[in-house]
Amino acid sequence: MTTVHQPATTPADLSVWPASTTEHRPGDLAVGGVPLTEIADRFGTPAYVLDEAEVRDRCRTYRDAFRDAEVLYAAKAFLCRAMAHWVDEEGLGLDVCSAGELELAVTTGFPPERIVLHGNAKSPHDLDTALRLGVGRIVIDSPAEIARLAAAVGPGGHQKVMVRVVPGISAGGHEKIRTGTDDQKFGLSLTDGHAQHAIARILDQPQLELTGLHCHLGSQITSVKPYLVAVRRLVGLMSRLHEQHGLVLPELDLGGGHGIAYRPGEESLDLTALARRVRAGLADACATAGLPVPRLIIEPGRAVVGPAGVALYRVLSVKHTGGHVFVAVDGGMSDNPRPALYGVRYAPRLTGRHSTAAPARTTVVGRHCEAGDILAADVALPADVRPGDLLAVPVAGAYQLSMASGYNLVGRPPVIAVHDDSARLLVRRESLADIRRRDVGL
C-alpha cells in the first residue's frame, strides 16, 4: 500500500477533546499536561481519563450563562467522590436518581439541601434515605408516590417536592432518550390531566410543600426551540393552577439534555443562546399570564462531564475480513454500551506513535462475545495499526462508567484524573478478587 505523510494535528482535529489537550510529540497526545501513553503504562487499559480543569471550567460556564438560575449537575452522567467535590466547590447543586448516588454525595460532604432526588420508580429505601439525609427536593413522578411520601414524612414533618410534568414535546438525539412525550415511562401527562390531578392531591398533604414544576425533554438536544415550547406549556399550567388554587409556584425546572459534539463538525447546543432565549421566553410567558417569574432550574450532566473524559484502549488484534478491517481492543460494551444502545458514533485516534501510513476505513470492536460489541464503526485510522497500539477516544466522560457492566466478568476500568501535569487515581480498577468476593454461594 502506498503511504503518504499525514499532516500535523490541527485545532479542528482536537475540537471535541478537552481544552488542555496537546500534541507534545507528533502522534503523542497529552491531556492536562500528562501524556496519555504515560497514563496507559502506569494504570493499564482500558482506562477513563478525566480532566479536572475541563470539568470545573464547564461548571463555571453554566454558572455564568445562567446567573439567575440554579444549576444542578445530573449525577447519573458520572459520579464519584471527586466529581461531587468539584461540583460542590464550583457552586452547583446535584440531581440524583437513587439512594446510592445520594449517599455517596452526602458522605463526601455535599450539602443535602442542594440535592434533588429524581426517579420514575423510587424505592422505599430511596425515599427513606432522602428524608433521613435531608434532601432539598423530591420530584414526584407518579400518583402512588404522593401518599407513600406523605406517610414517610409523617404528620409533623415537612418535605419540599416538585412534580415532573410531561409537556408532550418530542426532542432528543435517539428515540430511547426522548422523555418529553406521553409514550414513555416518566412523569405525569399535561394533556390528559394527570399532572393537574396529582398537584391537587399534593396540595391536600400539608407536610408536602409544592415548590414548582419539573420537566425533562430528553437528551442530546441541540436546538433551543423545544425548551421554549416547554416554557410556554409549563407556564400555561402554572396559570391554570393559579386560577384554580390561588397557587403561585416559585420554581420551574427545565431539566437538562443539552447536546454535545462527539465528533469534529457535529452540532452542539449553544448555551449562551439557550440562557438568553429561555430567560426572555419565561419572562414573556409570565407577563402574559400575570404571574411572577419563577426561579429557573436546569440540570446539565453530559454537557459538564462528557467532553472532559477520554477512554484509553490497547489494540489486541487486527483482522481483515470480507473487505472490512476490524481493530479489536481490550475493552468494549462492558465499559461503553452506548454505541450498542443508541448507535452513538465516536472518533478514536491512534496515540503514542506517529504514523505516516495512509488512513484506512476501520471498525473498532470490543473484546466481548457479542456481535454488537462495536465501539466505533467506519472510522479512519492509520492502515498500519497493530496489536499493542494505544487508541484514545474523546468525549468519554458521560454514561460510560456509570453504565458499565460486568459482562464476561472482565472488571470495570479505573478513573484517572489529570490536572496541572499530574495524574491521580479516583476510582480503582475492578479486580477479579472484587468479583469473586461478591459471589458467595456454592
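Are Tyr62 and Phe66 buried or exposed? Select the two and take a look: both are buried. Keep in mind as you go that this is a predicted model.

**Stop 1: the aromatic pairs**

Stay with Tyr62 and Phe66 for a moment and show their rings. They form a stacked aromatic pair, with 6.2 Å from centre to centre and 15 degrees between the planes.

Now colour the chain by residue number: the pair links distant parts of the chain, 84 residues apart. Tyr262 sits in the loop between strand E12 (251–253) and helix H9 (271–289), while Tyr346 belongs to the loop between helix H11 (338–342) and strand E16 (349–351). Tyr262 counts as buried because its relative accessibility is 3%, and Tyr346 counts as buried at 2%.

**Stop 2: helix H4**

Next, select residues 99–108, which make up helix H4. Show the side chains of Ala99, Glu101, Leu102, Ala105 and Val106: these are buried. Why do they lie on the same side of H4? Turn the view to look down the axis: they cover an arc of only 160 degrees around it, which puts them on that one side. As a reminder, an α-helix has 3.6 residues a turn, so residues three or four places apart point the same way.

Then visit the two ends of the helix. At the start of H4, zoom in on Ser98, where a side-chain oxygen comes to within 3.3 Å of the backbone nitrogen of Gly100. After H4 comes Gly109, with a positive phi, near 110 degrees.

**Stop 3: the cysteines**

Finally, select the cysteines and show their sulfurs. How many disulfides are there? The count comes to zero.

Centre on Cys80, which is in no disulfide; Cys59 holds the nearest cysteine sulfur, 12 Å away. Cys80 is buried, with a relative accessible area of 5%.

Move on to Cys215. Cys215 counts as buried because its relative accessibility is 0%.

Methods. Residues are numbered from 1 along each chain as its sequence is written. This is a predicted model: local features need pLDDT of at least 70, side-chain atom pairs count only at pLDDT 80 or more; totals for chains, interfaces and linings use all residues. Side-chain values use heavy atoms; hydrogens and water are left out. Buried means under 20% relative accessible area, exposed over 50%, partly exposed in between (1.4 Å probe, protein chains only). Helices (H or I, at least four residues) and strands (E, at least two) are DSSP runs, numbered from the N terminus. The arc is that of the directions from the helix axis to the C-beta atoms. A polar contact is a pair of N or O atoms within 3.5 Å; within protein, one must be able to donate a hydrogen and the other to accept it, and residues adjacent in sequence count only if both atoms are side-chain atoms. Rings of Phe, Tyr and Trp (its six-membered ring) pair if their centres lie within 6.5 Å; planes under 30 degrees apart count as stacked, over 60 as edge-to-face and the rest as tilted. A disulfide is a pair of cysteine sulfur atoms within 2.5 Å.
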